[in-house]
Amino acid sequence: MSQDNGQMQPDPPRRVRDFLVLTIGAIAVLTLLYLTGAIGLVEWVTAAIVMSTGALAFFVGSAPSPRKDQASSALQTLNPVSGSVTDNAVEPFVLALPLPALLITPDGAVATANIHARNLFRIDSSTRPFPIAMLRQPDLLAAAERVSQDGAEERIEFTQHSEAEVWMAHIRSGLEPGSVIMVFEDLTAVRRAERARADFLANASHELRTPLTAIGGFIETMRGPAKDDKEAWDGFLDIMGQQTERMQRLVADLLSLSRIEFSEHRAPKTQVNIVELARKTSLGLTPIAKDAGIDLHFDGPQKDVGVIADSDELAQVILNLASNAIKYARTNGEVQVLMGEAPTMADAAAACSRQSPDAKRAVLLQPYASTEVPAVWIRVTDNGEGISEQHLPRLGERFYRVDESRGGKIEGTGLGLAIVKHIMARHRGGLAVESVEGAGTAFGIWMPRLRDDAPAETV
Ligand code: ADP
């Protein structure tokens, strides 16, 4: 500490120490946020650079200079009693944080709110400073008071924007006695994923319990009232066999879904000739179609078309869509698997639609890929009962079955389209459905393809 013109100035070692304490502290907080997944690597690096540069500029700016009035800048930085760093020094960090953050004075005014905090609480940028009550979150206000008085760190969860968002406030004391710093973490996606997982578990357990209850019931009957009625046993065993198959299908679909979800964020790497794959997969269903009295046709380009894909997953997409079409087509009906190339993803999306003026359409998955890349599309059409408009947008949700509400008897797990949707997401593709009630349904998928000059491997 040095004395100059009667004003306190930070001596160089203390400035260096304050700079290091603040920078290391801020980087530690950022690292914590990065490790908890609240921010990404790019945000970590950007904020770390901005903060350390800001801190350096601030401390260099507050250094005693022979040409400058040393007292004025130092007063903003130092507490005159303790000679330590004040909350003014924290301001650049609050402003540079990639998360909403506030700095609150001991008398309950928000001295600094970064742009993210202003957006979160819808506070005009011209309002500065403002009372903490303007946040309109009584729990936050009470917590800020407690932290201001006793200094113990708190975390408060609250909802914002008509409960559409869930946030966690990390509240701790500032550098000056009584001041408080709040940093906010968006928990909306985490809470939504938790709820989806809970719903999924409840649905999966329910779907497994239904056939198990049926099998258990028949076992009881065969042990009890129908013990000696061997003729009835054949019928019971048939139903038990069907229920076992249903459980096996469900477990197989659940395993596929979890495997695909696990790999969804890793892009596929193999080059695949999608024409050959689609032809083999759809024509492989000919015996099943014949048994059901359905005519199955495939029509695609007379040349190789290369895509970057996981060939097993892509085959599963075609299998699920074509077997659904066979399952839901009329007896003596017709199922067509058509495919083609398009100059762009946008053209492919248009080509996927049946273009019937009466058709209702829903895009179930918007592709992540740019609309301008060359694309390939596949359309699977049947002439079954069709699907009414209100169901269309919900297809592809796990366990969503239109048939259940129709009271129909067609077996299914309600997971086939969810699997298709996840696989197409992994392949940066799209999924759409179009239906005319009473006349049939068409499911379309489209995804980026390799340019014609890229040789495609044959699967
Ligand atoms: P499921 O195993 O029940 O067929 P999916 O996820 O494959 O499950 O399909 C979900 C629901 O969408 C089905 O239960 C059915 O009601 C409806 N659906 C799917 N494909 C068709 C189609 N081609 N025609 C009519 N309805 C269909």
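The structure is a predicted model, in which local features need pLDDT of at least 70 and side-chain atom pairs count only at pLDDT 80 or more, while totals for chains, interfaces and linings use all residues. Residues are numbered from 1 along each chain as its sequence is written, and side-chain values use heavy atoms, with hydrogens and water left out. Across the whole structure, a search finds 12 salt bridges, a salt bridge being a side-chain nitrogen of Lys or Arg within 4 Å of a carboxyl oxygen of Asp or Glu.

**Salt bridges**

- Glu 157, Arg 191 and Glu 194 are linked in a network of salt bridges.
- Helices (H or I, at least four residues) and strands (E, at least two) are DSSP runs, numbered from the N terminus.
- Glu 194 also forms a salt bridge with Arg 191, where the closest N and O atoms are 3.2 Å apart, and both residues lie in helix α7, three residues apart, or about one turn of the helix.
- Arg 191 is partly exposed at 24% relative accessibility, as are Glu 157 at 38% and Glu 194 at 40%; buried means under 20% relative accessible area, exposed over 50%, and partly exposed in between (1.4 Å probe, protein chains only).
- A further salt bridge joins Glu 341 to Arg 449, with the closest N and O atoms 3.5 Å apart. Glu 341 lies in strand β12 (residues 334-342) and Arg 449 in the segment after β16 (440-448), so this pair ties together parts that are 108 residues apart in sequence.
- Of these two partners, Glu 341 is partly exposed at 28% relative accessibility, whereas Arg 449 is buried, with a relative accessible area of 14%.

**A buried arginine without a salt bridge**

- Arg 379, found in strand β14 (residues 375-382), is buried yet has no salt bridge, and the nearest side chain of opposite charge, that of Glu 434, is 6.5 Å away. In this count Lys and Arg are positive and Asp and Glu negative, while His and the chain ends are not counted.
- The side chain of Arg 379 does, however, reach the backbone oxygen of Ala 351 at 2.8 Å.

**Ligand surroundings**

- Oxygen atoms of the ligand lie 2.7 Å from a polar side-chain atom of Asn 324, 3.0 Å from a polar side-chain atom of Lys 327 and 2.5 Å from an N or O atom in the side chain of Arg 401.
- The protein covers 97% of the 530 Å² of accessible area that the ligand has on its own, with areas taken from the Shrake-Rupley method and a 1.4 Å probe.

**Helix α11**

- The 18 residues of helix α11 (residues 311-328) should span 26 Å at 1.5 Å a residue, which agrees with the 26 Å between its end C-alpha atoms; the expected span is 1.5 Å times one less than the number of residues.
- The buried residues of α11 include Glu 313, Gln 316, Asn 320 and Asn 324.
- Asp 310 caps the N-terminal end of α11, where a side-chain oxygen lies 3.1 Å from the backbone nitrogen of Asp 312.

Technical notes
Polar contact = N/O pair within 3.5 Å; in protein donor to acceptor, adjacent residues only side chain to side chain.
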